[in-house]
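User: I would like to go through this structure with you. Could you begin with a hairpin?

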Amino acid sequence: MKLKKTIIGIALAAVFLLSGCSQKEKKADPVLNKTQVVQKMKKGFKSGQVIQSVTLGTDTSNQAAIANTTFGGDSTVYHITNQTSSKGKTRSSEEWVNMNNVYINGRDTWYKADLEKLTGHSYADLTDAIMNNHLITNPSAELIKAYKLKRNKNTYTLTAKISDKALMKKAATPIFDTTPQSTGQAKVFKQIQKLGKYKSMTVKAVVKNNKLATFNVFVNMKLGKMMTVKVGQSYGNFGSHDFLKVPTNTTNAKNLPTTDNNKKKK
């Protein structure tokens, strides 16, 4: 009988010890306030994916330029799928960009060119717009003040609605500057910036398990009486391309033929 009681006592003690360990393992993370969540967001990222877009619309039609970009690597490289749609037709192209060149997929052949001469923006512009995005890494006091915070367990969502024209212009300019796929398109975007009127901006950041999970910004403009303009930047898949490199077959590219070169051959 004494032996039985002893065994039962040991068993109960073991249960209490195990439950104590379990409680320690399940200790919840401290709840973060808005300032702390912003600090988590500001840590930035090494790689990920971003979709930049400029959309012009009327009551009857839409035109859009979209750059879907994966980025990463020790010396950041960018793998870009460009898409332009107008009047129901869509045109796509594939590019790789590093510090030296832009490499363009010409179906059976890869071509290389100077990014700035081809598009109107440089590698440094692209890096500032994507990797050094000030809305993420160095948000203004006005933006932080406008943020509203919601929490669901270890997921924190910051949302803001902005009407300050200076903030909207500062957010939209890097997107306008780095989404063009040609110098001609870059000139059109400059005109839109010059003539358009900023109306509103929405910003949304999601921090999950102490890391930035997604970030979105959309700026709305009015161009004349009939046309609207929407400029957007959407990030996700952070940390998924830390070792991204331009493929070897791509770097063995031919020089992109130019109009000047064609004239010389004639």
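**A hairpin and its neighbours**

Analyst: In the hairpin formed by β10 and β11, three residues lie between the strands, and glycine 224 there takes a positive phi near 70°. Strands here are DSSP runs of E with at least two residues, numbered from the N terminus. This is a predicted model, in which local features need pLDDT of at least 70, side-chain atom pairs count only at pLDDT 80 or more, and totals for chains, interfaces and linings use all residues. Residues are numbered from 1 along each chain as its sequence is written, and side-chain values use heavy atoms, with hydrogens and water left out.

User: How many bridges pair β10 with β11?

Analyst: Nine bridges pair strand β10 (residues 211-223) with β11 in the antiparallel sense; two strands pair if DSSP finds at least two bridges between them. Phenylalanine 215 stands opposite tyrosine 235 in β11.

User: Which residue of β11 is the bridge partner of valine 54?

Analyst: That partner is valine 231. Strand β1 (residues 48-57) runs antiparallel to β11, and nine bridges join them.

User: Why is β11 largely enclosed?

Analyst: Eight of the ten residues of β11 (residues 227-236) are buried, so the rest of the structure largely encloses this strand. Buried means under 20% relative accessible area, with a 1.4 Å probe and protein chains only.

User: Turning to glycine 73, where is it found?

Analyst: Glycine 73 is in the loop between β2 (62-72) and β3 (77-86). Glycine 73 counts as buried because its relative accessibility is 5%.

User: What does glycine 73 touch?

Analyst: Leaving aside residues up to four places away in sequence, glycine 73 touches Lys46, His241, Asp242, Phe243 and Leu244, where contact means heavy atoms within 4.5 Å. Lysine 46 and glycine 73 are 27 residues apart in sequence, and their C-alpha atoms are 7.5 Å apart.

Notes. Helices (H or I, at least four residues) and strands (E, at least two) are DSSP runs, numbered from the N terminus. Buried means under 20% relative accessible area, exposed over 50%, partly exposed in between (1.4 Å probe, protein chains only).
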